[in-house]
Amino acid sequence: MSQGGYAVVDVDDEINDQGNGLEFKTFLPTDTHAPRATSPSPPDVPYSPFNLAYYQTYFDVETNTVLKRVGMAMIPRPGFIAENCDGQIDLYGPFWTLTTLILTLYITSTLISSISQYLASSHANSNLPLLSTAVSVIYFYGLGLPALLWGATKWLGVGEWGVAEALGLYGYSMGVYIPISLLCLVPVGILRWVLVFGGASSSGYFLVQNIYPVLASADNKMTRLLIIAVIALHGGMALAIKVLFFSNSTIGPDPLPVDPLF
């Protein structure tokens, strides 16, 4: 009705006419171009060797998570990436593991050599070439070799994994040598052989358990033969660790005595 030029609407009458009910509708914004707070996962980011955003999520991991994964890698069993890494491997843990191993090998080997020289009443010298050797050997095996392995599998048509998975498996597999390096301070030759190749057996079995299923998934059956190269190179790595870093100052019988190279 109208009063003095104004229209007055009786709300109660309108509600009663519509069955005593109100219908509320919520309208959400339809702008899909608004930025999101969450960082995208690697598959959502275009790959480019110069795209830092692609590598960012591989290093976004907590220290406790890395330590847990290093410990779980010492228990060789399949499905490491799926079960222990929630399907997404990181690269910070492998790089941290390899770098820590380099420092541990250098410090323990230098300490063994210094004690031996002190007992022989000779002047103890620093051995910086040993550090460069440790960097070259460990980084090549932990970073270069898995990259080459991934390239070979890519060339042979294996599409079940990426280079990050290869680097992650090799990096975490070397974590077992960190406590072994500390135990090798005990100057007993045969004990060092047992420790080094015991660690090689454990970490090698870890690699086989996680790499062979990837190789077996390829249509080319010859791809499975790459596991032989993985085992052989891993054994060679263990021998290099023993010869280069733990051949000084042994007590008791040594089944394979080797003169120290540094």
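## Basis of the model

The model is predicted, so that local features need pLDDT of at least 70 and side-chain atom pairs count only at pLDDT 80 or more, while totals for chains, interfaces and linings use all residues. Residues are numbered from 1 along each chain as its sequence is written, and side-chain values use heavy atoms, with hydrogens and water left out.

## Overall fold

The protein chain contains 10 helices and 2 strands, where helices (H or I, at least four residues) and strands (E, at least two) are DSSP runs numbered from the N terminus. Read from the N terminus, the order of the elements is β-β-α-α-α-α-α-α-α-α-α-α.

Of the 262 residues in the protein chain, 36% are buried; buried means under 20% relative accessible area, exposed means over 50%, and partly exposed lies in between, with a 1.4 Å probe and protein chains only. Among the contacts in the protein chain with a separation of 6 or more, 69% are made by residues 24 or more positions apart, a contact being heavy atoms within 4.5 Å.

## The salt bridge of Asp90 and Arg69

The structure has 1 salt bridge, a term that requires a side-chain nitrogen of Lys or Arg within 4 Å of a carboxyl oxygen of Asp or Glu. The side chains of Asp90 and Arg69 form this salt bridge, at 2.4 Å from N to O. The pair links distant parts of the chain, since Asp90 is in the loop between α4 and α5 (92–119) and Arg69 is in helix α3 (residues 63–73), 21 residues apart. Both Asp90 and Arg69 are buried.

Asp90 counts as buried because its relative accessible area is 3%. The side chain of Asp90 also makes a polar contact with the side chain of Arg69 at 2.4 Å and reaches the backbone nitrogen of Tyr92 at 3.4 Å. A polar contact is a pair of N or O atoms within 3.5 Å; within protein, one must be able to donate a hydrogen and the other to accept it, and residues adjacent in sequence count only if both atoms are side-chain atoms. When neighbours within four places in sequence are left aside, Asp90 is in contact with Tyr58, Val61, Val66, Arg69, Gly168 and Tyr172.

## Helix α7

In α7, 10 of the 11 residues are buried, so this helix is largely enclosed by the rest of the structure. Its buried residues are Ala164, Glu165, Ala166, Leu167, Gly168, Leu169, Tyr170, Gly171, Tyr172 and Ser173. Gly168 and Tyr172 are among the residues in contact with Asp90.

## The second largest pocket

The second largest pocket holds about 180 Å³ of space. On a 1 Å grid over the protein atoms alone, a pocket is an open set of points where a 1.4 Å probe fits, with protein on both sides within 12 Å along at least five of seven lines, and lining residues have an atom within 4 Å of a point. Grid points are joined across faces, edges and corners, and the volume is the space filled by probe spheres set on the points.

The lining of this pocket consists of Gly79, Phe80, Ile81, Ala82, Glu160, Trp161, Glu165, Leu169, Gln209, Asn210, Pro213 and Val214. At least two lining residues come from each of α4 (80–84), α7 (163–173) and α9 (189–216), and α9 gives the most, with 4 residues. By class, the lining has 7 nonpolar, 3 polar and 2 charged residues; Ala, Val, Leu, Ile, Met, Phe, Trp, Tyr, Cys and Pro count as nonpolar, Asp, Glu, Lys and Arg as charged, and the others, Gly among them, as polar.

Gln209 lies in helix α9 and counts as partly exposed because its relative accessibility is 22%. Gln209 and Pro78 are 131 residues apart in sequence, yet their C-alpha atoms are 4.8 Å apart in space. Leaving aside neighbours within four places in sequence, Gln209 is in contact with Arg77 and Pro78.

Thr153 belongs to helix α6 and is buried, at 0% relative accessibility. The side chain of Thr153 reaches the backbone oxygen of Trp150 at 2.7 Å, and Thr153 touches Val158, Trp161, Leu215 and Leu226, not counting residues up to four places away in sequence. Leu143 is placed in helix α6 (residues 128–155) and is partly exposed, with a relative accessible area of 30%. The C-alpha atoms of Leu143 and Leu98, which are 45 residues apart along the chain, are separated by 8.9 Å.
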